[in-house]
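Kindly examine the structure below before reading further.

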Amino acid sequence: MPEKMNVSNIIELSNNKLNELDFADYVIETERSNRSQLRFADNQFTIAKNWASTILSIFAVKESRTVATQIEDLSAETINSSIESLAKLAGSLPKNENYMGISDGPFSYPNIEHLADPEFLDFHDKSIDMVESAIRTAEEEGAKRSAGVLLWDVTERNLRSSQGASVKSNTTRYEFSIRSFVDEKSSGSGVAVGRLSSKLDFEKAGKDAGKIAKMSVGGINGEPGKYNIILSPKVAGDIIAATPAAANPFSVEVGFSWLKDKIGENIGPDLVTVYDDSLLPNGLGSRVCDDEGHPTGRNIIVENGVLKGFIHNTSTAKKAGTTSTGNAGIVFPVNSNIFFEPGEQSFEELLEISKDKPTLYITNNWYTRFTSYVDGVFSSIPRDGMFLVENGEIKQPVRELRITDTMLNIFKNIRAMSKESIQIKTWEVPQPVFIPYVLVEDVNLTAATS
Amino acid sequence: MTSNSYDLVEKAIEEGNKLGAKYIEARLVKTSLNTSILKNGVPELGGIIRTNGIGIRVLKNGGLGFASFNEMTKDEMKIAVAFATKMAEATGRKRGKKIIFSDEEVHEADYKSLGVNGKRPMEVDPEEKIQRLIGLDKILAELQTGAIIPYRLFQMIDQTEEKYLITNEGAKIKSEIDLLQLFGLAVAVNPNTGSKEQMMIQKGKAGGLEALDYWKIEEYLEKEAKTLGKIVTEAKEAPKGVIDYVVGPNVIGIMCHENQGHPAEGDRILGREGAQAGESYLNKEMIGERIGSENVTIIDDSTIEGSYGFYLYDDEGVKAKPRYLLKKGIFEDMLHNRESAAFMETSSTAAARAIGYNREPIPRMANTYLEPGDFSFEEIIEDVKLGIFMQNFTEWNIDDRRYHSKYVGLEAYLIENGEIKHLVRRPNIETTTPKLWGSVDAVAKRDLLEFDAATCGKGDPMQGAPVYHGGSFMRIRKVEVR
């Protein structure tokens, strides 16, 4: 039986082979992680999982032909043969006219607080008790049954580039979500995500889920029409954060963005300021360098409602006449943490502001799909508790409505945001977002015909 | 696959037995995948992915544990088996109702679905692949219909996946499957009005590069691009009110998948996906109940040769056969793995699929379609006074109990007095599942049956499963369009 390969040997072997085959630019990245998951449904554990994985990723360039590989078959033979295949592949491709280099060193990397927590090295036994406490808390709030998942991981990332980058970083993370039911149509959800075990509040997540589930009992079918909507951070993390996430040159070029030619334009009200921020302590998208080895940072996307800029890698930045924002992914720029500056109101004040108009409080959503990305025409389905707000108070639970509008209308119609900044990353919101509760005016809701 | 990898799979079973596993399966998956990405005619990336790993699943003390690894050493294997066993036992101890698996016949089998000689994924020169993709892009770039297509993205993926599954009950299944996949996005713009319409492209098939010819891909793309151009230049507003709909294979397919395939998944019905993909409007007591009209029979069948969702034995080693999700409108079969089947005191329907060595097998669809009927296309249309013929769809979504769905038409035409008239823009069916299936009064013949490829999303972590969905043509009476 072979021995497990040392990460530095994997990098050295790759480096030598890439040089031998005359690749001009390259980035070698390894990720060795140990990830675990505990899933539950109907208040009982359904499965416990563990993944031990080492992944080697290489992005390489030969005479302006761009190629990449991901190898999870880590023998010296496979690594060598894959890089040889890359050379052959590069030889058969036409030039990538969009490629303009990777970031040149030397580099100085930021020191980001709270990226790793040694508690997660041995978390299995605690995890069972903690998940049970969340289920119990949901029950105390009135839930009959809960389902959900806790995931945690410990990762060591190493990166080396032909342009002088050499970085090692250690991270941990957890993602807990719980969805509770009183009956098949009355449900609520809660979430807790981050990198530090001390911030992992299982009980609050369970309480949120149970409380909303209980409140949603007795829901009636909602009437279609125009509403003001108050979005929980989970919903805002999907629908409101979609607009700064569309500030990506790759998305604009292929027709996945509604922000073409909008830099400098007012796309939202004064109160909206959004960053892509890789440096946030405890942020799930925080990292010291991007996939080119370029140091990360904090970049403004929307300032007081004005679209200020896009995220970039070296190639997209040069094409746009600017500099990299440290957001390189292997193929296209990727966000780190999307951070919304919080507002000034409490959640209760958002309810009060909207008291004179038909208003819905939407706690969760899913299945956001686009008829037209370039125009931002979409619909999305509220799930879990949704409530009519009357005279500034949460009242009648309602169901079976669909948000059917455009992303630009919704962003433009943001009226207020709450003081909280809550980190969200869920099954429906894979992109880490820090966002408050958001009040949006005049949103179109539709319903199915029976 | 190397003999070392096979040895590890076999030793994992021995190790699990030693540790007292009631059930243990070890699944070795080795994937060799090539890909090319073309953005607006420029080759953005050529890529190669190589994976080789083992997934272990253990049932002990009424609990389930899963562990995977990709560094093929004996130590890694032992750690994985020990974890899966320990955590199965620990979580099982906490369960009131213990997890059990249904009893199933044990099989040994070795099967393949490969591309034709010289066209298999690893045999075709990368240059031939990228040139074919560049040719497809040119068709869109040079469109002459009064519209332009300035946004274009293509990705081609070809792969070979070898699997070796064994269990401590004696199942031993080897398979090797080639797969070709083509994805694309095109947005047409009317240069005079600025009106835009997008088209998502997905083709997929078990096999090699010969699939491109099977699809007549250049001819297909040219036809679709011309229609997209006409939609932004010629389409008129769709009628409102109570009208009839005639929908084509692409729309029937997504309806079968979303409105009947997902809600028939056993794990959803049991609430196991409650926090993610949701639950179901169906339950065990509804088996035998009428959901749709007599014209609606929906089948899920993984054994269709050359299909995108092809397999003969599922990832628990159970032999596959067609599943009748609705038979003449009556709810008959669920999609079960051995876990959900046991909870419902029935047998597995061989729906356990794991997308990768590092995923657990859960109930999934494979190839879901509406069984054809007796009508010709002309007969279906001629009896419609006012309606819409929706050939394919763009946006869609459905609530997480699979009861309220919405489908927005892409290529769609007005039907008036039994005749197909002009294109209409983005007509919309937003209705409930029983209303949808209950309103079908005609289904077209078998020679009009077609399938589309799709990637079905489910699980946590996500498992994107290749599936077919399809049908011929069907008529839905009296749908209210707002």
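Me: Into which two domains is chain A divided, and how many Å separate their centres?
Reply: In this predicted model, chain A consists of domain 1, residues 1-218, and domain 2, residues 220-447. Taken over C-alpha atoms, the centres of domain 1 of chain A and domain 2 of chain A are separated by 23 Å.

Me: Which element gives the largest share of the side of domain 1 of chain A that touches domain 2 of chain A?
Reply: In this contact, 42 residues of domain 1 of chain A meet 32 residues of domain 2 of chain A. On the domain 1 side, two or more residues come from each of β1 (25-41), β2 (44-62), β4 (145-161), β5 (166-183), β6 (186-194) and α4 of chain A. The largest share, six residues, is that of β6(A).

Me: How many residues of the side of domain 1 of chain A that touches domain 2 of chain A are nonpolar, polar and charged?
Reply: The side in question belongs to domain 1 of chain A, which places 42 residues in contact with domain 2 of chain A. Divided by class, the residues of that side are 20 nonpolar, 15 polar and seven charged.

Me: Where does chain B divide into domains, and how many Å separate the centres of these domains?
Reply: Domain 1 of chain B covers 3-234, and domain 2 of chain B covers 237-481. The centres of domain 1 of chain B and domain 2 of chain B, taken over C-alpha atoms, are separated by 22 Å.

Me: Which element supplies the largest share of the side of domain 1 of chain B that touches domain 2 of chain B?
Reply: Here 39 residues of domain 1 of chain B are in contact with 32 residues of domain 2 of chain B. The elements that each supply at least two residues to the domain 1 side include β1 (23-39), β2 (42-60) and α5 (217-234) of chain B. By class, the residues of this side are 18 nonpolar, 13 polar and eight charged. The largest share, seven residues, comes from β7(B).

Me: Why does α3(A) count as roughly parallel to α4(A), and what is the hand of the crossing?
Reply: Helix α3 (residues 124-141) and helix α4 (residues 202-215) of chain A pack with their axes 7 Å apart, at an angle of about 30 degrees. Angles under 35 degrees count as roughly parallel, so α3(A) is roughly parallel to α4(A). Among the residues in the contact are M130(A) and I135(A) of α3(A), and F202(A) and K207(A) of α4(A). The crossing of α3(A) past α4(A) is right-handed.

Me: Which strands are the edge strands of the open sheet of six strands in chain B?
Reply: The order of this open sheet in chain B is β12-β11-β10-β15-β24-β23, and its pairing is mixed. An edge strand pairs on one side only, and in this sheet the edge strands are β12 (330-331) and β23 (450-458) of chain B.

Me: Which residue of β2(B) is the bridge partner of Q70(A)?
Reply: The contact of the two chains takes 75 residues from chain B and 72 residues from chain A. On the chain B side, β2(B) gives the largest share, twelve residues. Strand β3 (residues 65-72) of chain A pairs with β2(B) in the parallel sense over six bridges. The bridge partner of Q70(A) in β2(B) is I49(B).

Me: Which residues make the contact of α2(A) with α3(B)?
Reply: Helix α2 (residues 76-92) of chain A and helix α3 (residues 126-141) of chain B pack at an angle of about 45 degrees, their axes being 8 Å apart. This angle makes α2(A) oblique to α3(B), and the crossing is right-handed. By class, the contact has three nonpolar, one polar and two charged residues. The residues are K88(A), L89(A) and S92(A) of α2(A), with P126(B), E127(B) and I130(B) of α3(B).

Technical notes. Residues numbered from 1 in each chain as written. Chains lettered and ligands numbered in written order. Predicted model: local features only at pLDDT ≥ 70, side-chain atom pairs only at ≥ 80, totals over all residues. Domains from an automatic or database assignment. Contact = placed C-beta atoms within 7 Å. Helix = DSSP H or I, 4+ residues; strand = E, 2+ residues; numbered from the N terminus. Nonpolar A, V, L, I, M, F, W, Y, C, P; charged D, E, K, R; others polar. Axes fitted to C-alpha atoms, helices over the stretch in contact; angles between N-to-C directions. Parallel < 35°, antiparallel > 145°, perpendicular 65-115°, else oblique. Left-handed = near helix turned anticlockwise from the far one by under 90°. Pairing = 2+ DSSP bridges.
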